[in-house]
Amino acid sequence: MQKFTLIPQLGAGRGRLVRVGNTILYSAGDAAAASALIGWCRLVGDRPSSEVMGELTRLGAGSASLGPFCAAVIGDHGLDVLIQGGVPLIADTPSGPQALGDGQTHLHEVTALSLIIGDTPIDPLLGVTDGVVAADGFTLRVKAETAPPWGPAPTAPSQPMAEVAAPAEASTPQPAHATPAMSPAMVSLADLGGDDLPPATPLPMVEAAPSPAPTAAPASAPEPAP
């Protein structure tokens, strides 16, 4: 299925352009006719092309108050188009532009389907993917899909992450009286580095009490002479 982009011709907004899924409908009738067609499109617009065209044909045949309108359904093998009321719809085909008349038509090879009223230019940057807009006309174009010049990014094959064993530290002989070496399970605080914790409040410093002055020993009496 080809992908199409729907570009509204805004102008004075004299009609209503609605898109639901692959169904595009344009109503040039009055407010009541446009409301009826928009409501119908919202109910059946996401169904297969044959069902949408069948329902719309019965709806148009049973009501003369719908006014001029046209509809197109994007299918697997082209566009199915229905016109009522002489809407001037033009299809761009490999053999050139083709004016479509009232009734149902199947277009197998088509690059654009246009209803342009007046000379108001259309902005190709605009697009209707779903919903209703006020528009004088529209063009439905085959969406150009070109790959970027640099191509898709290469995808690296997914491989399980290899487990790398930490190198064993060489053991240094310790003298018998030395303090035993730190266990491998212990972590040195010097290796932690910075963290996200707020700075700790310094503890209040307490002045050490003054040491007592040394007490002098009492003088001993002199011994009597012999």
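These are my notebook entries on one protein chain, a predicted model.

**Ground rules.** I number residues from 1 along each chain as its sequence is written. The model is predicted, so I take local features only at pLDDT of at least 70 and side-chain atom pairs only at pLDDT 80 or more, while totals for chains, interfaces and linings use all residues, and side-chain values use heavy atoms without hydrogens or water.

**Fold.** I looked up the secondary structure and found 2 helices and 11 strands (DSSP runs: H or I of at least four residues, E of at least two, numbered from the N terminus). The order along the sequence is β-β-β-α-α-β-β-β-β-β-β-β-β.

**Whole chain.** I read 28% of the 226 residues as buried (under 20% relative accessible area, 1.4 Å probe, protein chains only). For contacts (heavy atoms within 4.5 Å) with a separation of 6 or more, 60% join residues 24 or more positions apart. The accessible surface (Shrake-Rupley, 1.4 Å probe) is about 16100 Å², and carbon and sulfur atoms hold 60% of that.

**Arg19.** I placed Arg19 in strand β2, residues 15–20. Arg19 is buried without a salt bridge (a side-chain nitrogen of Lys or Arg within 4 Å of a carboxyl oxygen of Asp or Glu). Asp130, the nearest side chain of opposite charge, is 7.2 Å off. A polar atom of the Arg19 side chain sits 3.2 Å from the backbone oxygen of Gly21. Leaving out residues up to four places away in sequence, Arg19 touches residues including Phe4, Ile74, Val128 and Asp130.

**Cysteines.** I counted 0 disulfides (cysteine sulfur atoms within 2.5 Å). Cys41 is buried at 0% relative accessibility. Cys70 is buried too, with a relative accessible area of 1%.

Methods: Buried < 20%, exposed > 50% of the residue type's maximum accessible area, 1.4 Å probe, protein only. Lys, Arg positive; Asp, Glu negative; His and termini not counted. Polar contact = N/O pair within 3.5 Å; in protein donor to acceptor, adjacent residues only side chain to side chain.
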